Amino acid sequence: MIHLFKAAERFRQRKFQLFPVCLGVAVVFSGTLQAQSSPAKPRETRPLMAYVGTFSSPLGDVPPTQVDLPDGNGRGIHLFEVDRESGALAAAGTFDLGSSPDCLVINDARDRLYSSNETDQFGESKQGSVSAFAIDPVDGQLSLLNTVASEGDGPTYVSIHPSGRFLFVANYFSGSVAVLPILPDGRLGNATDVKQDAGEIGPTKATHAPPGSFAFSGHDGTHAHMIQSDPSGRYVLHVNLGLDKIFSWKFDATSGKLTPNEPASVSLPPGDGPRHFDFHPNGRWLYSIQEEGSTVVLFDYHSAKGQLNSRQTVSSLPAGFAGSNFCSEILVSQDGRFVYAGNRLHDSVGIFAIESDGTLRQVANEWTRGNYPRSFNFDPSGSFLYVCNQRADNVTVFRIDRESGLLKFTGHYAPVGNPSSITFVDLAASDDSVQTLRRVNAPEAHQAVAVDAASFFAISNRTIAQYDKQTAKRRAVWKAPENSGIQHLNSGVVLDGRLHCANSNWPAKPLKNTIEILDAGNLEHLESKPFSEAEGAINWMDRHQGAWWIGFAFYGEAEVRRTKLVRYDDNWNETGEWTFPESVIQRFLPNSNSGGAFGPNGQLYVTGHDHAELYVLDVPDDGDELQHVATVSVPIAGQGIAWDQDQPGTLLGIVRARREVVFLRFAPPR
């Protein structure tokens, strides 16, 4: 069995200026992100940490076709401090485990780490396990929260659903996948679902094997090698190397259940052995790497249906190569311009440029300075690539040329026994700048949230519920009358006791936009204001500096750049219009801008459709393009947001997959 790893965290790390907040308010902390002891080290001086998963104990009962049986030279999870300028790794301790934590993943809040422990014995059962750890926000050290069964033998991959409520695990030897709930304090619960793969095993000779190849690893049985949600969280994909298939599942983020999609899978060429995949940032292209065929396949991804259609197949190896090779990792660069593909035995990283239509053009193959590169990963800045050379017992560091995509070896090696995966947490960027105060279950939290002094409002397409802000008890519910024209209530803002909601009939044509106004005290509908602008769906509105501001969304690759912010005077005469910068557009894709509101510091905060990010923007005095100031990782998932005017510095957002309203506080700078 041959394994690789892909980190969940890909967000661009930027510095941003935070604003003073009122600290004299009652605070209710969530167990998920509760602050630990008072920091002794200023946030800006805290380290960038790297965590390396390893093979730490020899596997016992394995089939004879196991071609890369690890020696077990690791010591559990190895911790390093990263030099931000040179990329060098300095040892910072280990967390010893009696099993092999081969794949690591970190949650969006960057305060929890999860490991798949590749063992075939957990307690009295012949199966593997998964562990949950808390990350200290000051020094990055790990504390074990709990360990649970993976519900299969040889767990080799873990990933987190975008909602943050579930962990997926792929069990290689048993050919099964499982869904584990993530509890409010970050611990893992028992599986909510387990699926066992079945079907015809592929041939021992890969269709696309290089000349003279004897590469044979996983075509002796059914072997689940990776499982991960698509960007929207509606579908989950997993690969089975032995069956030469990528499976597609519909996912219920309430129950944690998987149901087969239609079609249930897509086949790769017989014997090629799909191992891992990665999505392009636009969400429309997926790149799969085949372990025994040594190929990379481009798929077009239909996000509305969770379907894949292959369009291109290229070799991961240089022209003229002959002999055996086992592919490993595949990653798309953060800017979406390059694909990197790992080769074991050839011991290289294949570098491919992504053309405008998503197809690949091979640029180079870079030697990894070690043998058997099992996986690799980018640092948070995207400046360095770190390669885990399993048999060389080291991690090597390469600087990335952003323009060419080429890799340049830095000369830095880090000794690690049998490294299998590496991931990162920037403690200077992720500790206490954004704090989760409270999470409230609200079934209507599907599109947006609004807030006033006494209440918060959970907003769905055609329903609004009012909740007491202190007790979280539901006070009232309003539902749009049938045939009212209210189809998509996309946001809400309370002004002078009136709740203003943006509404559109998108994607119907002709497009119609309205502002629906309700009494914030009792949810009585007061009026519906038709909006003459029919170019773009009205997704949010706010009042700022004596003017009305409205965000108009356009969807899809061809149209999203038309997404705009428009300012109006009190008579609804347009007084200004701005487009969004390309750096933000790339994060909107394949959808558009969903929410927006002006913060207490006067800057504009906007969201996309799904990403757990806020984009901080300045409205320029001159020019017609908004200025991207920062990207802030937050534990919400796009959609409509609202600043609490009665508690400065408190922002409300939603996690639609959980039907949850989240209260966040932006801490003052230290």
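(Buried is under 20% relative accessible area, exposed is over 50%, and partly exposed is in between, using a 1.4 Å probe and protein chains only.)

Cys 327 is in no disulfide either, and the nearest cysteine sulfur, in Cys 388, is 17 Å off. Cys 327 is buried too, at a relative accessible area of 0%.

## What you're looking at

This is a predicted model, where local features need pLDDT of at least 70, side-chain atom pairs count only at pLDDT 80 or more, and totals for chains, interfaces and linings use all residues. Residues are numbered from 1 along each chain as its sequence is written, and side-chain values use heavy atoms, leaving out hydrogens and water.

Now for the strands (DSSP runs of E, at least two residues, numbered from the N terminus). Four of them make an open, antiparallel sheet, ordered β8-β9-β10-β11. At the edges you'll find β8 (155–160) and β11 (193–196); each has a single partner strand, so one side of each has no neighbour in the sheet.

Inside that order, β9 (residues 166–171) and β10 (residues 176–181) pair antiparallel over six bridges; strands count as paired if DSSP finds at least two bridges between them. Phe 166 sits opposite Pro 181 in β10.

Definitions and conventions. Helix = DSSP H or I, 4+ residues; strand = E, 2+ residues; numbered from the N terminus. Disulfide = S-S within 2.5 Å.
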